[in-house]
Amino acid sequence: MKSALKLELAEARVMSLAALAKAKEIGVTETVCITDEGGFPLVLERMDGARVTGPQIAWNKAFTAAGHKRSTHLFNTLPNGPALPGNEAFGIQWSFEGKFAVFVGGYPIVVNGQVIGGVGLSGGNGEQDTACGVAALQALKDHLGAAADVLVQADIKK
């Protein structure tokens, strides 16, 4: 039997606050979603003035990153992104009633080698969404300290 880590609300809030602080710092209105390992939201926040479509998009990105254990943009990264036309997973974005996101802004939350959730951002361009997502991962790393190994990077594939 394997022990599993669980992301809790307190950690999800730390991550969300860091992502929103980074968004404010770089001058973009974002929506952030932090999910558990099954892709279900623990925290979903939309900044004042952010697009009304942001919550669903951020959730889709976090859902995909948690469930498929990879950063969402890697599906369309040239030359071998699996969701690119002609590649093995072309069309995967229509899975789960269209909830599967294959563009930048979703990152799995990896602690001690286990995917324990996902973080999704919507509202900025790819670079801005990435900066906010990495800020969320860094905040979790800082929060947990030496007690856990948190993967902090944009390109994650487990």
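1. A salt bridge is taken here as a side-chain nitrogen of Lys or Arg lying within 4 Å of a carboxyl oxygen of Asp or Glu. The model is a predicted one, and a search through the whole of this structure finds three salt bridges, which the points below take in turn.

2. In one of these, the side chain of Lys6 meets that of Glu37, with N and O 2.5 Å apart. This pair links distant parts of the chain, since Lys6 belongs to the segment before helix H1 (9–26), whereas Glu37 sits in the loop between strand E1 (31–36) and strand E2 (41–46), 31 residues apart. Lys6 is exposed, having a relative accessible area of 52%, while Glu37, with 31% relative accessibility, counts as partly exposed.

3. Another salt bridge joins Lys22 to Glu25, where the closest N and O atoms are 3.2 Å apart. Both residues belong to helix H1, and because they are three residues apart there, about one helical turn separates Lys22 from Glu25. Lys22 is partly exposed at a relative accessible area of 25%, whereas Glu25, at 60%, is exposed.

4. The remaining salt bridge is formed by the side chains of Asp129 and Lys61, at an N to O distance of 3.3 Å. Asp129 lies in helix H3 (residues 126–144) and Lys61 in helix H2 (residues 54–68), so this pair ties together parts of the structure that are 68 residues apart in sequence. Asp129 and Lys61 are both buried, which means that each has under 20% relative accessible area.

How values were computed
Residues numbered from 1 in each chain as written. Predicted model: local features only at pLDDT ≥ 70, side-chain atom pairs only at ≥ 80, totals over all residues. Heavy atoms only, no water. Helix = DSSP H or I, 4+ residues; strand = E, 2+ residues; numbered from the N terminus. Buried < 20%, exposed > 50% of the residue type's maximum accessible area, 1.4 Å probe, protein only.
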